[in-house]
Amino acid sequence: MRSICLCSLVVCLFNFILLESQADAAIFSGEIQSISPDQKQVVIKSIQGKEKSFTIPASVPITFNGKKAPFDQFKMGQRATVFTNSSGEITRFSVREALEPKPQTTVERPKKEMKSRKTTGSSDNKPAGNLGWTQFRGPDRANISSDTGLIKDWNQSPPKLLWTARGLGEGYSSVSLSDNLVFTIGTKANEETVFALDLNTGEIVWSQPNGTIFQNNQGNGPRSTPTIDGNLLYALGANGNLACLSARDGNLEWSKNILQEFAASNIVWGISESPLIDGDKLICTPGGQGATMVALNKRDGSLVWKSAVPGNPKAGYASPIKISVGGVEQYVNFTHSGIMGIAAQTGAPLWGNDRAANKTANCSAPVFYPEMNSVFYASGYGTGGALLKLSAAQNQVTAQMGFFTPDMKNHHGGMVQVDGYLYGSSDPGVLTCINLRNGETVWQDRSVGKGALTCADGHIYLRSEKGPVALVEVNPKAYVEKGRFDQPQRSGKPAWPHPVVADGKLFLRDQDLLLCYDVRGQ
């Protein structure tokens with residue numbers, strides 16, 4: 001018995017040392033101001049305006065656009081990143097051009113080319129820089145697209161496949177859009193990787209690694225979706241690697257591992273949260289000791305505050321939302337133990353509830369119903385959903401149970417609230433409509449089975465985890481289906497990534513590939 005314990009201790013110690021040795025303690029990134037190839041010296045200016053000089057050792061790996069390269073080919077104006085370990089020694093030196101060459105992927109298009117048309121935004125004359133879906137679950141994380149003029153009947157006018165992109169590897173990440181680029185996270189070689197694809201062609205414009213691949217029996221690779229804020233993009237990997245990148249060219253601005261920094265351990269199926277940007281703050285939920293949720297400075301990753309929630313609950317698989325009740329702004333997320341509200345300015349815990357939580361995996365993002373100052377949350381594994389009525393006084397918030405329903409066992413496909421009615425897939429796979437005013441289940445239908453959904457132009461887009469996609473009216477009186485189609489080229493994994501509707505297009509990620517459909521009918 002002593003030998004077994006001793007072996008276990010040695011293995012744990014070895015793993016700890018290995019983990020510490022693999023971690024980059026610091027990163028300095030910016031534009032090359034001057035360079036001396038003979039001495040291997042470089043001066044870099046960060047986006048904050050700070051200049052720093054480095055001498056790159058001959059033994060350090062040097063890469064250009066992700067490939068091994070000699071130091072003497074670099075020039076002023078290029079983007080460079082210096083990685084150092086905890087002792088301050090340089091461990092890596094990486095340089096990138098403004099844009100990485102495109103031929104990194106295979107793009108398939110239908111035999112008949114679509115007629116050329118303007119693609120600088122949707123038909124609502126939105127600017128190219130704002131395609132309306134810059135983060136997981138879209139604007140305000142309400143899961144409702146601003147697109148209009150979409151096809152209302154797929155039976156008569158089915159969506160046309162515009163392109164299919166390959167080369168994204170593994171993972172369950174969905175997509176976000178900005179500046180005619182589509183962003184997602186997958187895998188490449190032995191690393192989780194952020195990808196930017198051309199909105200019109202599906203060709204990969206750039207890719208940037210973000211840590212080692214998370215491996216799991218439910219599928220390898222990343223789970224979260226990139227968040228875009230202006231010219232920057234934020235990506236969180238399944239192992240806790242958080243990176244801030246240039247949305248234009250993928251240059252790394254800063255990165256850190258939120259599990260290591262906040263004394264947290266990874267969860268069974270990997271970190272799945274999509275970061276929330278609110279003003280100058282980045283919100284994420286590492287689930288660490290005294291740091292259940294943290295706010296970071298989005299410009300450099302420095303700590304703004306950390307929230308010590310009683311019981312130190314570990315992270316769940318859900319993503320946070322921001323709400324305001326009685327003038328009290330707060331972040332709401334679903335952890336391993338239950339739902340919680342955190343004061344946006346200070347990080348102080350405000351309220352919590354565990355009625356609709358299970359002890360296995362709480363995955364779906366909370367849904368805010370502002371007309372009633374209420375939050376609805378739900379989970380699977382035989383649990384159900386609960387509506388909490390929030391009230392605020394003197395900067396304090398209380399949460400009282402409105403109702404509990406066993407008819408919304410939403411596993412990880414998400415829900416949407418429209419005009420006081422909640423729509424979501426309830427285990428084992430029944431699309432369900434619930435009146436949030438009284439908790440009444442209005443209708444249920446098996447539709448295409450268990451899946452993930454989004455809402456656009458008065459319709460629910462329900463994607464079955466087995467592949468089929470249905471168009472269903474947002475109708476609080478009855479289930480009205482307007483057509484369905486089977487996703488082609490299905491992978492061997494469940495189709496868990498959430499569908500996205502933006503710029504008149506429907507995006508379906510399925511492991512290595514991403515499919516783009518025309519749902520405007522032009």
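This briefing walks through one protein chain, from its overall make-up to a few single residues.

The model is predicted: local features need pLDDT of at least 70, side-chain atom pairs count only at pLDDT 80 or more, and totals for chains, interfaces and linings use all residues. Residues are numbered from 1 along each chain as its sequence is written, and side-chain values use heavy atoms, with hydrogens and water left out.

**The whole chain**

- The chain holds two helices and 41 strands. Both are DSSP runs numbered from the N terminus: helices are H or I with at least four residues, strands are E with at least two.
- Of its 522 residues, 56% count as buried. Buried means under 20% relative accessible area, exposed means over 50%, and partly exposed lies in between (1.4 Å probe, protein chains only).
- The accessible surface comes to about 21600 Å², and 50% of it belongs to carbon and sulfur atoms. These areas come from the Shrake-Rupley method with a 1.4 Å probe; for residues, only the protein chains shown count as cover.
- Take the contacts between residues at least 6 apart in sequence: 55% of them join residues at least 24 apart. A contact means heavy atoms within 4.5 Å.
- The count of disulfides is zero. A disulfide would be a pair of cysteine sulfur atoms within 2.5 Å.
- Cys284 is buried at 1% relative accessible area. Cys363 is buried too, at 15%.

**A hairpin**

- Strand 13 (residues 191-198) pairs with strand 14 (residues 204-212) in the antiparallel sense, over six bridges. Two strands pair if DSSP finds at least two bridges between them.
- Thr193 stands opposite Pro209 in strand 14.
- Five residues lie between the two strands of this hairpin. Gly202, in the turn, has a positive phi of about 85°.

- Four strands form an open, antiparallel sheet in the order 27-28-29-30.
- Strand 27 (367-369) and strand 30 (396-405) stand at the edges with a single partner strand each, so one side of each has no neighbour in the sheet.
- The twist averages 25° from one strand to the next. Axes are lines fitted to C-alpha atoms (for helices, over the stretch in contact), and angles run from 0 to 180 degrees between N-to-C directions.
- Six bridges join strand 28 (residues 374-379) to strand 29 (residues 384-393). Phe376 has Leu387 in strand 29 as its bridge partner.

**Two buried residues**

- Ser307 sits in strand 22 (residues 303-307). Its relative accessible area is 0%, so Ser307 is buried.
- The side chain of Ser307 reaches the backbone oxygen of Gly347 at 2.6 Å.
- Leu259 belongs to helix 2 (residues 258-261). It is buried, at 6% relative accessibility.
- The C-alpha atoms of Leu259 and Gly288 are separated by 7.1 Å, though the two lie 29 residues apart along the chain.

- Most residues other than glycine have a negative phi, and most peptide bonds are trans.
- Ala263 has a positive phi near 50°. It lies in the loop between helix 2 and strand 19 (276-278) and is exposed, at 52%.
- Asn395 has a positive phi of about 65°. It lies in the loop between strand 29 and strand 30 and is exposed, at 60%.
- A cis peptide bond joins Asp427 and Pro428, with omega about 10°. Pro428 is in the loop between strand 32 (421-426) and strand 33 (430-435).

How values were computed. A polar contact is a pair of N or O atoms within 3.5 Å; within protein, one must be able to donate a hydrogen and the other to accept it, and residues adjacent in sequence count only if both atoms are side-chain atoms.
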